[in-house]
Amino acid sequence: MTAQARVAVLGAGSWGTALAALLARHGALTTLWGRDAAAMRAMAQTRRNRRYLPDSELPAELAYSSDLAACVRDADWLLVVTPSHAFGELIDAIAACGGRYDGIAWATKGFEPGTGRFLHERVEETLPGKAGAVVTGPSFAREVVDGLPTAVTVHSESPWFAQRVADSLHGPAFRAYTGTDVLGAELGGAMKNVLAVATGVADGMNLGLNARAGLITRGLNEMLRLGVALGARAETLMGLAGLGDLVLTCTGDLSRNRRLGLALGRGVSLRQAVADIGQVVESVQTVDEVMRLADRHGVELPIARHVQRVLHEEITPTEGLRLLLAREQKPEYPEHFP
Ligand SMILES: NC(=O)C1=CN([C@@H]2O[C@H](COP(=O)(O)OP(=O)(O)OC[C@H]3O[C@@H](n4cnc5c(N)ncnc54)[C@H](OP(=O)(O)O)[C@@H]3O)[C@@H](O)[C@H]2O)C=CC1
Ligand SMILES: O=C(CO)COP(=O)(O)O
């Protein structure tokens, strides 16, 4: 019999808590780490994450800690689930802990703010020699913690590590697929958040179901164009990491990025909308990094560009829509695509 994997889940918000609960239920010896010692003690006592997932009871097998060094020291592998703006800082802190874990996975969606660097690039630079993997796909934390059926995908350049992570996550109501296209998987997860703002805005303005479907489809086209220019595989973006997550986030009201768009479309200010949501809204960080990459590679992304201008409050959602509709007519696809 193989020994149970010891996993440290680093980041105790909604997604970190849901993934830690899932891993513990599926038999991994799991510790959830959060930076707030009092909150972690309360979680251990009540078996609830009162701030981020108040309605769900967490499994008795799950352990809690605010001691990062101990978590890293005792783990076989790590799973980072902080927002993207905290990712680099945590990777540096992990590096300072040493540890004999052989792989680090992350379920964060986004880029390193300010540089446009992919998260896997940050991990490779700071933790050379450790296998890396991204966990992504259409997966609302609340549904996962409630045991509703979900499918995700785990991409790594080290297939043994993708398999190990997927094996620990996989279970009766949770399918974990594997792949090797880390860049494509990360790009899909990051871009869908930006595109969800656009469909949210359209829905907030009551523009109808045709507009929503048009935005999702042309958004997928933007994802494919940038992805292929960067060397991603089109299949990745047509799969769970791209189309799957795009559909979920553009249509599901559990999405915080969609809810931001809905609020903006109804005339609420950016500041107020983000405050009302009260959790991370990755598109606010991600949109500039998506456009930085697009500009660097000469790829035109009209929807993402207009989301950027709306999020910078340079134009109103109404002006953004008018400008998008006024664009020149053209073929649906370039001749050679993707
Ligand atoms: N929620 C979901 O359904 C899904 C989320 N994701 C992705 O997972 C990532 C995390 O999102 P999610 O859990 O939802 O976010 P939440 O807003 O629910 O929680 C954020 C968590 O990150 C912690 N945090 C913030 N800054 C730091 C820091 N500097 N060091 C350590 N911890 C920090 C917060 O701690 P504190 O409370 O102390 O501020 C909090 O525990 C995002 O990239 C998101 O896109 C992916 C798939 C699904
Ligand atoms: O990534 C997610 C679902 O796959 C969660 O989306 P939001 O961050 O928009 O809530």
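Two residues are in contact if their C-beta atoms, placed from the backbone, lie within 7 Å. The model discussed here is predicted.

Q: Which residues is Arg256 in contact with, leaving aside its neighbours within four places in sequence?
A: Arg256 lies in helix 12. UniProt, in an unreviewed entry, lists Arg256 under "binding site". Neighbours within four places in sequence are set aside, and the contacts of Arg256 are then Ile277, Gln279 and Val281.

Q: Does Arg256 count as buried or exposed?
A: The cut-off for a buried residue is 20 or more other C-beta atoms within 10 Å. Arg256 has 22 C-beta neighbours inside 10 Å, so Arg256 counts as buried.

Q: Which element gives the largest share of the shell around ligand 2?
A: Ligand 2 is surrounded by 13 residues, and the closest are Ser139, Asp245, Ser255, Arg256 and Asn257. Two or more residues come from each of helix 8 (182–204), helix 11 (240–251) and helix 12 (256–265). The largest share is three residues, and it comes from helix 11.

Q: Which element gives the largest share of the shell around ligand 1?
A: Ligand 1 has 27 residues around it, and Gly13, Trp15, Ala86, Ala141 and Gln279 are the closest. Helix 1 and helix 4 are the elements that give two or more residues to this shell. The largest share, four residues, comes from helix 4.

Q: How many residues of the shell around ligand 1 are charged?
A: Again, take the shell by class. Around ligand 1, eleven residues are nonpolar and eleven are polar. The charged class has five.

Q: Which residues of helix 4 are buried?
A: Helix 4 covers residues 84–97. Its buried residues pack against several elements, including strand 1 (6–10), helix 3 (68–74) and helix 14 (283–296). Those buried residues are Ser84, Phe87, Gly88, Leu90, Ile91 and Ile94.

Q: What span does helix 4 reach from its first C-alpha to its last?
A: Helix 4 has 14 residues. At 1.5 Å a residue, 20 Å is expected. Just after the helix, Gly98 takes a positive phi of about 70°. The span of helix 4 is close to the expected one, at 20 Å.

Q: Why does Ala12 count as buried?
A: Ala12 sits in the loop between strand 1 and helix 1 (14–25). Its contacts beyond four places in sequence include Thr17, Leu32, Trp33 and Asn49. A buried residue needs 20 or more other C-beta atoms within 10 Å. Ala12 counts as buried because its C-beta neighbours inside 10 Å number 25.

Q: What percentage of residues 181–319 is helix?
A: In an unreviewed entry, UniProt places "domain: Glycerol-3-phosphate dehydrogenase NAD-dependent C-terminal" at residues 181–319. The end C-alpha atoms of this span lie 37 Å apart.

Methods:
Residues are numbered from 1 along each chain as its sequence is written. Chains are lettered from A and ligands numbered from 1 in the order in which they are written. This is a predicted model: local features need pLDDT of at least 70, side-chain atom pairs count only at pLDDT 80 or more; totals for chains, interfaces and linings use all residues. The expected span of a helix is 1.5 Å times one less than its number of residues. A residue is buried if 20 or more other C-beta atoms lie within 10 Å of its own, exposed if 12 or fewer, and partly exposed in between; C-beta atoms are placed from the backbone. A residue is near a molecule or strand if its C-beta atom, placed from the backbone, lies within 6 Å of it. UniProt positions are given in the numbering used here, feature names are shortened, and annotations may be inferred rather than shown by experiment. Ala, Val, Leu, Ile, Met, Phe, Trp, Tyr, Cys and Pro count as nonpolar, Asp, Glu, Lys and Arg as charged, and the others, Gly among them, as polar.
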